[in-house]
Amino acid sequence: MWVLQAIGLFLAAAAWRLTGSKRFGEVLIRSLSAENENLKNIAGILIVRAGKNAEPLLQDALRRRENLPMTLSLLADLGDGMVEKEIRPFSTDQDPKVAEAARQALRVLASNR
Amino acid sequence: MPFQIVPEPVAGPLSFSRSDDAAILTQAAVLLAIGAQLRGDNKRFRLASVPSAASAAILDEELKPLGLPALPESPGRIDSAHNRQMLFSRYNLPIPSQAVLTETVIEDLNVFADVAKTYFSEGSSKSAIDLMELCLRHRNELVRVSAAAAYSEHSSELDRLIRILEAGTHSAEDLVRSISATALALAAPDHARLKEMEGTTRRTGAAGARDTTMLIHGTWAQNSPWWQPGGDFHSYILRSVRPDLYSQPDRFGWSGGYSDAARALAATDLGTWVQNHNEQGLDLITHSHGGNVAFLVTQNGLDLGELILLSCPVHVPKYQPDMAHARKQVVSIRVHFDLVILADRGGQRFNFPGVTENVLPIWFDHFATHRPDVWRHHNVPAMI
C-alpha cells in the first residue's frame, strides 16, 4: 500500500515541478505527517529538491506548528539564510525536541554561509 | 606540518620546477594519476560500472586542470635498471651501483622540470616512466612515495619501491603515511611493517579506549527511538550482536539535515566526540546518509574501525570512504530498489573497491535494514 502512495508522491512532485501549482506541493507537505517512515522521507527529499518553491509552504507549516521538528530541519536544508529569523524563536521552544531541532537548523544555516 | 589547502593545482610541468606546497601536492597528484593511467584504472572502472555512476578512478574534469596528457595502458614491467642508466646518463647524474641501497637525492630541480616538460609535451609511456624513476630521488618524501606508489606495477625493481614506501610509513606527515601504507598494502600485502602498524593501532586503542561500536542515524531520524539506548534496534544490537555498543546518554547524534552542509557539520562533530571520548578505531553501524557522514569522517583523517552501512545512498565520489582511515571491513547491507534512495537520486549499489555489498531479498523499504526481525530472519549478523 505505501509503495503506491510513494509512487503518488513522485507523481505529485513531478506535477508540482511542471505546473507550479501549490496544490501538488501541499500533498508532499501533508505526507510529512505520514506514519510510514518511507513516505515521510520521500516527501521530505522531494520538498528539498523543489527548492525555493517549497519555502512558502514550509513557512506556512511552521506558523501552524505542523510536523515540527522536521519542518524546521527542511527549512534549513533549503539553505536560504532569510528563514533564520523565522527559525530562531523556536530555539527556546518549550518542547526540547523542537528547540534542539531549531538550534541544529541555525547551525546548518550558519555553516552554509 | 600538514600541507596547506590547495585551491587550484599548478598546471603542466611548471609544478616540477617548484617546491612550495601547491607544487609538491600537484607533483604527487600527477605521479599518482600517471600510475592509474598506466594501470588502465579508468578503463577498468568504466567497464565495471553502470553508465550513470560516476565511477571512473579519476574524473576527467579533475585531470583537466593538471594538463595531463592521455596515456595508453602499460604493457607490463619495464627494465628499470636499464632505463635509469639511460636517463641518468642523459643528465650526467651519478649512476649508483646495485649494491647501494640508499637513494641519493637529486637536488637540481631543473632536471625534474626538464623530464616533466618532455612528459607533458610527448605524453608517452617512456617519458612517464622517466618521470616516476627520477621522482624516486626527489627531496620531498611525498613526491618520493607517490612515485613509488605509481611505479609499483610497472618497475622491475619492486623491492626498491617497497623500501621507499616502508620508509614513508614512518613519516610524521599523515598524507605521506596514508599513501605509503595504502600502496604498501597493494604491492606487498604481507609486509611486516603493515602488521606492525596494525599492532600499534590496536595497542594504542586498547590503552586509550574501549572497543566501541556506535549507531549513527540518517536523515530526519534524530528523534527516532530505534537508534537510541532503549530503542528496539539499539537493544537488539546490544543484546545479540555487539555487547560493546555505546549506550550512555551522551551518545553521538546529529541534526539529520538533508544537505551537504548538515552532513559536513555532523562529520566534524563526530570527530570532536571521538576525541573527547578518547576513542580510537570506533566501529560504526550507520543508516542511510549516516553512512555518508562516516565517509566524511574518514576523509577528515579520523581512523574508524568496522563500518557497517545500512541502506546507504551511493554518491561517489562526493561521499566515499578514505580506505586509509577505514581500518577494518566496510560492509553495505541494503534492499532491492530502495524508494527513498530513488528520491534522493543516489546510486543503489556501491561499485567501490573495499566495500562489500549484501542485498537482502526485500524490496523498496529503506528502513527494513534497521529492523531487528529483519536482522534475525535474514541472519544479517553473519554478513558483518
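**View 1. Arg65(A) and Asn67(A) in the loop between α4 and α5 of chain A**. With 12 C-beta neighbours inside 10 Å, Arg65(A) counts as exposed, where a residue is called exposed if 12 or fewer other C-beta atoms lie within 10 Å of its own, buried if 20 or more do, and partly exposed in between, the C-beta atoms being placed from the backbone. This is a predicted model, in which local features need pLDDT of at least 70 and side-chain atom pairs count only at pLDDT 80 or more, while totals for chains, interfaces and linings use all residues. Residues are numbered from 1 along each chain as its sequence is written, and chains are lettered from A and ligands numbered from 1 in the order in which they are written. Phi of Arg65(A) is near 55 degrees, a positive value in a residue other than glycine. Asn67(A), in the loop between α4 and α5 of chain A, also is not a glycine and has a positive phi of about 50 degrees; with 22 C-beta neighbours inside 10 Å, however, Asn67(A) counts as buried.

View 2. Another cis bond belongs to chain B, where omega is near 10 degrees for the peptide bond from Val316(B) to Pro317(B), and Pro317(B) is found in the loop between β3 and β4 of that chain.

**View 3. Helix α4 of chain A and its buried side**. Helices are DSSP runs of H or I with at least four residues, strands are DSSP runs of E with at least two, and both are numbered from the N terminus. In α4(A), which spans residues 55–63, the buried residues are Leu58(A), Ala61(A) and Leu62(A). They cover an arc of only 100 degrees around the axis, taken from the directions from the helix axis to the C-beta atoms, which puts them on the same side of α4(A). Pro56(A) and Arg63(A), on the other side of the helix, are exposed. Among the elements that cover the buried residues of α4(A) are α2, α5 and α6 (84–87) of chain A, contact being counted when two C-beta atoms, placed from the backbone, lie within 7 Å.

**View 4. Helix α3 of chain A, a mostly covered helix**. Helix α3(A) takes in residues 37–50 and reaches 20 Å from its first C-alpha to its last, close to the 20 Å expected at 1.5 Å a residue, the expected span being 1.5 Å times one less than the number of residues. Of its 14 residues, 11 are buried, including Asn38(A), Lys40(A), Ile42(A), Leu46(A) and Val48(A). The cover over these buried residues includes α1 (2–19), α2 (22–31) and α5 (70–77) of chain A, together with α14 (339–344) of chain B. Just after the helix, Gly51(A) takes a positive phi of about 65 degrees.

**View 5. The largest nonpolar core**. A nonpolar core is a set of buried Ala, Val, Leu, Ile, Met, Phe, Trp, Tyr and Cys residues joined through C-beta atoms within 7 Å. The largest one has 81 residues, and those with the most contacts inside it are Leu9(A), Ile42(A), Leu46(A), Leu75(A), Ala105(A), Leu284(B) and Val293(B). The largest share of this core, 7 residues, comes from α3(A). Leaving aside residues up to four places away in sequence, Leu75(A) touches Leu58(A), Leu62(A), Val83(A), Ile87(A) and Ala105(A).

**View 6. The contact between chain A and chain B**. The contact takes 22 residues from chain A and 20 residues from chain B. On the side of chain B that touches chain A, α12 (260–276) and α14 each supply at least two residues. By class, that side has 11 nonpolar, 7 polar and 2 charged residues, with Ala, Val, Leu, Ile, Met, Phe, Trp, Tyr, Cys and Pro counted as nonpolar, Asp, Glu, Lys and Arg as charged, and the others, Gly among them, as polar.

**View 7. Strand β4 of chain B and the strands paired with it**. Strands pair if DSSP finds at least two bridges between them; β3(B), residues 304–310, pairs with β4(B) in the parallel sense over 4 bridges, and 6 bridges join β4(B) to β5(B), residues 355–363, which run parallel. Ser332(B) in β4(B) is the bridge partner of Leu309(B), and Val359(B) in β5(B) is that of Arg334(B).
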